[in-house]
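Here's a walk through the side-chain contacts in this model. Have the sequence and the 3D view open as you read.

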Amino acid sequence: MWKIKALFVLALLVCFSLAATAVAYEEEEWGEGGGRGWEEGGEGGEEGGSGRREGEDWFVLQDSKNVVKTDAGVMKVVKGFGGRIMKSPMHIGFITMEPRSLFVPQYLDSSLILFIRRGEARVGNIYKDELVERSLKMGDIYRIGAGSAFYLINTGEGQRLHVVCSIDTSESLGWHAFQSFYVAGGTYPRSVLSGFDPLTLSTAFNVSEGELSELLTGQNKGPIVYLSEPHSEPHSPSMWSNFLDMEQDEKLAHMKRVVRIRGGDFEQEEEAKPTWSFRKLLISMFGKAGKRGDKRGRVGKGPDSYNIYDRKPDYKNDYGWSIALDESDYSPLKHDDFGVYLVNLTAGSMMAPHVNPRATEYGIVLRGAGTIQIVYPNGTLAMNAKVTEGDVFWIPRYFPFCQIASRTGPFEFFGFTTSARDNRPQFLAGANSLLDTMRGPEFAAAFGLSEDRLKEILGAQKESVILPSAAVAPPGEKAAPKLMAKVIDTYGNDIVMGF
């Protein structure tokens with residue numbers, strides 16, 4: 001009996017070792033590319049493990065790669081912090097799309113919170129078995145749940161679309177990874193439908209295998225495609241160009257040609273209880289007869305977007321302002337238990353040293369430059385690093401930190417927190433700070449000072465939350481180039497979602 005038990009324990013150890021090896025391989029695949037979100041060619045760099053700023057290799061996220069890259073756009077992902085003892089990190093995605101382009105229909109095993117940094121877009125996704133479509137503008141925030149099929153269109157005239165998104169991997173198929181499942185596609189990307197036996201699929205669609213082949217082999221431009229081909233006179237229409245150009249009845253007729261749907265079948269579907277299907281998604285995308293959306297471009301019943309720039313700051317003074325959104329402001333945030341924030345500091349000002357008691361914080365520099373300082377629990381400096389536009393950083397829960405704007409201009413950063421509740425940051429300096437609130441004989445004794453002297457020191461700063469700090473603000477000299485320990489390959493047009 002003991003031999004059987006010993007073999008069982010040995011088998012468990014082998015399985016554990018294999019799992020650990022798989023996780024290690026997954027982490028090694030990332031390499032150490034530049035973590036800057038909008039930086040062109042951020043996958044390369046100089047070799048060598050030195051040259052980083054203090055603590056940068058820990059709190060400024062460096063590992064990144066292009067997971068999608070086509071002529072019409074790019075999606076780059078910066079890997080969030082995580083290890084064998086910390087599951088489900090948040091990744092940060094940067095999507096750039098050329099004018100009149102489409103991110104083809106897909107679903108992920110992870111949820112997304114989109115933030116429109118620049119441009120205008122239309123997003124469609126399946127919500128409670130129906131297509132919901134929303135028009136998005138700069139500053140809008142919109143959530144797409146894991147497993148919900150969606151597409152994204154750049155509707156801006158002559159303007160690139162820039163999107164920042166959080167990627168919640170808590171429901172993903174593997175540790176720290178996320179996987180895309182393309183609903184629509186052809187030879188590149190391959191639709192998930194392509195994996196089924198042709199006879200099975202032709203039966204399911206009630207079309208011939210020849211018609212099925214026409215549907216599943218017509219697209220080879222990649223996951224982000226132009227709605228019409230650029231550099232042609234006149235523009236050569238792509239299979240997706242009817243999204244914007246056709247009238248509603250023409251869209252419906254075109255959809256019938258694409259999937260060879262008989263009119264009677266369509267009418268029967270309209271009367272039935274809504275259920276999700278690939279065919280219904282395609283029909284909905286190309287539109288039904290009649291008016292498409294209301295004055296705000298909304299189609300279907302589902303959550304709206306939330307524009308963070310339309311909201312009044314939660315705190316504002318002469319030195320800057322800050323906004324924090326939680327589930328009470330935008331209810332879809334509660335599904336992932338994430339919050340959103342936006343901070344703007346004037347030149348030379350400082351967000352006072354503070355602590356997040358409820359959440360880890362991820363930040364993306366949108367504009368300007370500044371310094372992030374983070375302190376370890378033992379009171380030593382963990383990081384003192386300059387960050388510039390496109391850099392991604394993270395602050396562990398409970399760790400004291402502050403942000404300081406460069407003296408050369410405003411410092412704006414946006415980000416996500418790992419709690420949808422009011423974070424209630426605890427400030428460690430400034431008027432109405434934690435120290436000011438706890439001031440008394442006990443606190444004075446803890447500092448080894450008299451009460452009067454403690455009151456004099458703590459009362460010297462009359463401002464709160466965002467403080468003037470010209471003496472400690474970085475002068476704004478050009479940041480030193482990032483030296484990377486490893487140069488990772490350029491992925492070109494490969495799709496690497498399952499990293």
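## Salt bridges

How many salt bridges does the count come to? The count is 11 salt bridges, where a salt bridge is a side-chain nitrogen of Lys or Arg within 4 Å of a carboxyl oxygen of Asp or Glu. Keep in mind that this is a predicted model, with local features needing pLDDT of at least 70 and side-chain atom pairs counting only at pLDDT 80 or more, while totals for chains, interfaces and linings use all residues. Residues are numbered from 1 along each chain as its sequence is written, and side-chain values use heavy atoms, leaving out hydrogens and water.

Take aspartate 304 and arginine 134: their closest N and O atoms sit 2.8 Å apart. Aspartate 304 is in the loop between helix H8 and strand S15, arginine 134 is in strand S7, and the two are 170 residues apart. (Helices, H or I with at least four residues, and strands, E with at least two, are DSSP runs numbered from the N terminus.) Arginine 134 is buried at 4% relative accessible area, whereas aspartate 304 is partly exposed at 25%; buried means under 20%, exposed over 50%, and partly exposed in between, with a 1.4 Å probe and protein chains only.

Aspartate 336 and arginine 143 also meet in a salt bridge, at 2.7 Å from N to O. Aspartate 336 lies in helix H9 and arginine 143 in strand S8, so the pair ties together parts 193 residues apart in sequence. Both of these residues are buried.

## Aromatic pairs

There are 15 aromatic pairs in the structure. Rings of Phe, Tyr and Trp (its six-membered ring) pair if their centres lie within 6.5 Å; planes under 30 degrees apart count as stacked, over 60 as edge-to-face, and the rest as tilted. Phenylalanine 59 and tyrosine 376 make a tilted pair, 6.5 Å centre to centre with 55° between the planes. Phenylalanine 59 is buried at 0%, while tyrosine 376 is partly exposed at 32%. Both belong to an aromatic cluster that also includes Trp58, Tyr362, Trp394 and Phe399.

## Nonpolar cores

The largest nonpolar core has 93 residues, and Met75 and Phe414 have the most contacts inside it. A core here is a set of buried Ala, Val, Leu, Ile, Met, Phe, Trp, Tyr and Cys residues joined through side-chain atoms within 4.5 Å. Leaving aside residues up to four places away in sequence, phenylalanine 414 touches residues including Phe115, Ile141 and Tyr362, a contact being heavy atoms within 4.5 Å.
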